[in-house]
Amino acid sequence: MTLPRPWPLAPVLAHRCGGVLAPENTLAGLAAAAGAGCGGVEFDVMLSGSSSPVLIHDETLERTTDGHGRVALTRDENLRVLDAGTWFDARFTGERVPTLEEAAARCISLGLSVNLEIKPAAGQDEETARVVACRAGHLWAGAAVAPLLSSFSELALQVAAQLAPHLLRGLLVDRVPPDWLQRCHRAGAAALHADARYLDRPTVIEAREAGLWVATYTVNDPSRAQTLFDWGVDCVITDRPDVVRPAVTQHRSSAGYPAGSGARSC
């Protein structure tokens, strides 16, 4: 089935800004994705202890910075001095945890489309969605392509729908649950975002017949990505944009994907 609207983002998105090319959820990652020719990125946004939206995946600081403790209890002035790059490679020493404002400006300047995951700390679903949805709507106002908001939290998506109804939303799942379609409808989601390890072709077909886009993560094998697109998936999120994007671009071109099938340039 051909959906009435084409997938709005690039069909290959770099995971957590730049995948394995740079420290995750950093401005360096955005530059790496663009440098690899990737037309879009996925990244995580959580609230700091000052209720500011920042790019980070974990609720704690230890894995990806030289800081300690919970992100939700760390005020901006303390968060901003942390090193978020050395853990990955000494070349990235001094890389900071970026604000959503910084990331939005960089994505717009680089021409990157964005899948923004609302990543609430425990118990902060509503507040995180409120801040992120309102801020994203403002930051991308007038941009060529607005971000798509995704989340594992149905509550977060429902709040985002109320506050920024013009921003598209995607429901994130691990294994696709039996009630996935009902959950998408409750959350006002236009897309199902599923773990590629558990996704099957009948689910993709059913989602598309229901008028939903399908995005899948984290796809690092080019042949697997090609198979998923042949099933009808609209987007793959990858740690290896440098490998997957060229293979997918060639595959989609040779397969003759028509305009309107999510065939936006990678």
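Residues are numbered from 1 along each chain as its sequence is written, and side-chain values use heavy atoms, with hydrogens and water left out. Because the model is predicted, local features need pLDDT of at least 70 and side-chain atom pairs count only at pLDDT 80 or more, while totals for chains, interfaces and linings use all residues.

The mean pLDDT of the chain (the predictor's confidence in each residue, from 0 to 100) is 94, and 95% of the residues score at least 70. Confidence is lowest in helix H9 (residues 241–255), with a mean of 90, and highest in strand S3 (residues 53–55), at 99; helices (H or I, at least four residues) and strands (E, at least two) are DSSP runs, numbered from the N terminus. Over residues 259–266 the pLDDT is below 50, and this stretch has 30 contacts in the model beyond near neighbours in sequence, a contact being heavy atoms within 4.5 Å. Where pLDDT is low, the predicted coordinates should not be read in detail.

Glu 117 belongs to strand S4 (residues 113–118). Its relative accessible area is 6%, so Glu 117 is buried (under 20% relative accessible area, with a 1.4 Å probe and protein chains only). Apart from residues up to four places away in sequence, Glu 117 touches Glu 42, Phe 43, Asp 44, Val 45, Ser 150, Ser 151, Phe 152 and Leu 172.

A search of the whole structure finds one cavity of 30 Å³ or more (on a 1 Å grid over the protein atoms alone, a set of points where a 1.4 Å probe fits but cannot get out).

Technical notes
On a 1 Å grid over the protein atoms alone, a cavity is a set of points where a 1.4 Å probe fits but cannot get out, and a pocket is an open set with protein on both sides within 12 Å along at least five of seven lines; lining residues have an atom within 4 Å of a point. Grid points are joined across faces, edges and corners, and a volume is the space filled by probe spheres set on the points. Buried means under 20% relative accessible area, exposed over 50%, partly exposed in between (1.4 Å probe, protein chains only).
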